[in-house]
Amino acid sequence: MKIINLYQDEKEFIRLAVAQNRQAQQQIYLKYSAKMLSVCRQYIKDIHEAEDVLLMAFLKVFTHLKSYEHAGSFEGWIRKIIINECISFIRSKKKITYLDDEFYMEEPLIATESELSTDEIQLLIDGLPDGYRMVFNLYVMDGYKHQEIASMLGIAEGTSKSQLSHARKLLQERIINSKKYSYELE
């Protein structure tokens, strides 16, 4: 049985893709596109717009591939480009408003046992105002710290914390309301 070193294969695909080998670029795209589309979808409500952003982001991935230094995960490097492209797209579409108050909660919210599907949860997240949704996704889904989020979005760190707090509270209210609604239907 032959053991394939996946890391070496990835390095080779990257090397070939930098040399404009279309098959290597296609292999990279096929390997990461589905996961990265789900990242786009977290930030962008419309699936068609998310697909467009994904394609533009992969164009940037291949354009800047020679600058990837093999430090850290390649997937993480791609994900960062995808997230930045999503943020740029949202900014270009409309002015995003952020509440500029210093209200935020550090304590975790009450855990609610939810019978909601992933699609239903995604719809609840989609229903958040853009500022809330972007901060929520950056913090909860992508693991950025408030200082990093503030820098990425050009807002104060306190505003990032406030947006997250409001997003969590609104999501929790909507989950509770959806439970009440489902109980009323029974």
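Is C86 buried or exposed, and what is its relative accessible area? C86 is buried, with a relative accessible area of 0%. Here, buried means under 20% relative accessible area, exposed means over 50%, and partly exposed is in between (1.4 Å probe, protein chains only).

Welcome to the close-up views. This is a predicted model, in which local features need pLDDT of at least 70 and side-chain atom pairs count only at pLDDT 80 or more, while totals for chains, interfaces and linings use all residues. Residues are numbered from 1 along each chain as its sequence is written, and side-chain values use heavy atoms, with hydrogens and water left out.

**View A. C40 and C86 with their sulfur atoms 3.8 Å apart.**
Let us stay with C86 for a moment. The cysteine sulfur closest to that of C86 belongs to C40, at 3.8 Å, and this is too far for a bond. A disulfide is a pair of cysteine sulfur atoms within 2.5 Å, and a search of the whole structure finds zero of them.

**View B. A salt bridge between E12 and R15.**
A salt bridge is a side-chain nitrogen of Lys or Arg within 4 Å of a carboxyl oxygen of Asp or Glu. For E12 and R15, the N to O distance is 2.5 Å. Both residues belong to helix 1 (residues 6-18), where they sit three residues apart, about one turn of the helix. Helices (H or I, at least four residues) and strands (E, at least two) are DSSP runs, numbered from the N terminus. An α-helix has 3.6 residues a turn, so residues three or four places apart point the same way. E12 is partly exposed at 35% relative accessibility, and R15 is partly exposed too, at 48%.

**View C. A salt bridge between E75 and K35.**
The closest N and O atoms of E75 and K35 are 3.1 Å apart. E75 is in helix 4 (residues 74-93) and K35 in helix 2 (residues 22-43), so this pair ties together parts that are 40 residues apart in sequence. E75 is partly exposed, with a relative accessible area of 26%. K35 is also partly exposed, at 43%.

**View D. A salt bridge between K60 and E85.**
In this pair, N and O come to 2.7 Å. K60 belongs to helix 3 (residues 47-63) and E85 to helix 4, so the bridge ties together parts that are 25 residues apart in sequence.

**View E. Helix 3 and its buried residues.**
The expected span of a helix is 1.5 Å times one less than its number of residues. With 17 residues, helix 3 should span 24 Å, and its end C-alpha atoms are 24 Å apart, which agrees. At the start of this helix, a side-chain oxygen of D46 comes to within 3.0 Å of the backbone nitrogen of H48. Buried residues of helix 3 include A50, V53, L54 and A57. The helix packs its buried residues against helix 2 and helix 4, where contact means heavy atoms within 4.5 Å.

**View F. Aromatic rings, including those of Y32 and F74.**
Rings of Phe, Tyr and Trp (its six-membered ring) pair if their centres lie within 6.5 Å; planes under 30 degrees apart count as stacked, over 60 as edge-to-face and the rest as tilted. This rule gives six aromatic pairs. In one of them, Y32 and F74 have ring centres 5.6 Å apart and planes at 75 degrees, so the pair is edge-to-face. Y32 is in helix 2 and F74 in helix 4, so they tie together parts 42 residues apart in sequence. Y32 and F74 are both buried. In another pair, the ring centres of F58 and F62 are 6.0 Å apart with planes at 40 degrees, so this pair is tilted. F58 and F62 share helix 3, four residues apart, and both are buried. Ring pairs also join Y32, Y68, F74 and W77 into a cluster.

**View G. D126 and its contacts.**
D126 is in helix 5 and is buried, at 6% relative accessibility. Apart from neighbours within four places in sequence, D126 is in contact with R41, K45 and R133.

Technical notes: Polar contact = N/O pair within 3.5 Å; in protein donor to acceptor, adjacent residues only side chain to side chain.
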